[in-house]
Amino acid sequence: MGENSSVNLPPGFRFYPTDEELVVHFLQRKAALLPCHPDVIPDLELYPHDPWELDGKALGEGNQWYFYSRRTQNRITGNGYWKPMGIEEDVINSRSKKVGMKKYLVFYIGEGPAAIKTNWIMQEYRLSKSDSSSTKSSKRRGHSKDYSKWVVCRVYERNCSEDEDDGDGDDDDDGTQLSCLDEVFLSLDDMDEISLPFN
């Protein structure tokens, strides 16, 4: 499934999975070579593609794009590269068990120290070590790929209004839904503006 146009969700259905759903329902099944219904997330080699080229190649919903890719250290595209932000979170299921990891990356245009940071963010989900090792034993015959090396990615362009508050009280909702931890991590640059509630 290479193109977004081949996704046939019924009218009114939207694809807004939680972190747990991405890891447990989609990534674990992909790694174990089990069918996933609906099979809507395409396989895509991310790194030849700049983030603005994902439309029509990855599953798009609102301003977010989803796809499976192979884990790699090569995160260089035609016009830039994905740089890890140094932020990793555990993905916990409803039974409080760690099922995966979520890593944040930001896209830079250009090369080296002259590169320009953009508002494009990628959340790369991978299985926890115990889950990825158990998928090796569940491989079917005839498959030479190591499916435990798959990741599922969510890419979106962060709104500038998330970085700066113009004080007018208007929030532009672009469809991006961030968890409380996402908001905190992405606003670490604005530590002076964070206020904690007091009892």
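Author: Let's start with patches: they are made of residues with over 30% relative accessible area and no salt bridge, with like charges joined within 9 Å and nonpolar side chains (Val, Leu, Ile, Met, Phe, Trp, Tyr) within 5 Å. A salt bridge is a side-chain nitrogen of Lys or Arg within 4 Å of a carboxyl oxygen of Asp or Glu. This is a predicted model, where local features need pLDDT of at least 70 and side-chain atom pairs count only at pLDDT 80 or more, while totals for chains, interfaces and linings use all residues. Residues are numbered from 1 along each chain as its sequence is written, and side-chain values use heavy atoms, leaving out hydrogens and water.

Reader: Which residues make the nonpolar surface patch?

Author: Trp52, Ile109 and Ile116 make it, and it covers about 290 Å². Accessible areas come from the Shrake-Rupley method with a 1.4 Å probe, and for residues only the protein chains shown count as cover.

Reader: What makes Ile116 count as buried or exposed?

Author: Buried means under 20% relative accessible area, exposed means over 50%, and partly exposed is in between (1.4 Å probe, protein chains only). Ile116 has 56%, so it is exposed. Ile116 lies in strand E5 (residues 116–127).

Reader: How many helices and strands does the protein chain have?

Author: Four helices and six strands. Along the sequence, the pattern reads α-β-β-β-β-β-α-β-α-α.

Reader: What is the order of the strands in the open sheet?

Author: The six strands run E1-E2-E6-E5-E4-E3, with antiparallel pairing. Strand E1 (59–61) and strand E3 (80–92) are at the edges: each has a single partner strand, so one side of each lacks a neighbour in the sheet. From one strand to the next, the twist averages 25°.

Reader: How do you know that E2 and E6 pair?

Author: Two strands pair if DSSP finds at least two bridges between them. Strand E2 (residues 64–70) and E6 share seven bridges, so they pass, in the antiparallel sense. Arg70, for instance, has Trp150 in E6 as its bridge partner, and Tyr66 stands opposite Arg154 in E6.

Reader: What about E5 and E6: how many bridges do they have?

Author: Six, again antiparallel. Here Gln123 has Arg154 in E6 as its bridge partner.

Reader: Why is E6 called largely enclosed?

Author: Seven of its eight residues are buried, so the rest of the structure largely encloses E6. Across the protein chain, 42% of the 199 residues count as buried.

Technical notes
Helix = DSSP H or I, 4+ residues; strand = E, 2+ residues; numbered from the N terminus. Axes fitted to C-alpha atoms, helices over the stretch in contact; angles between N-to-C directions.
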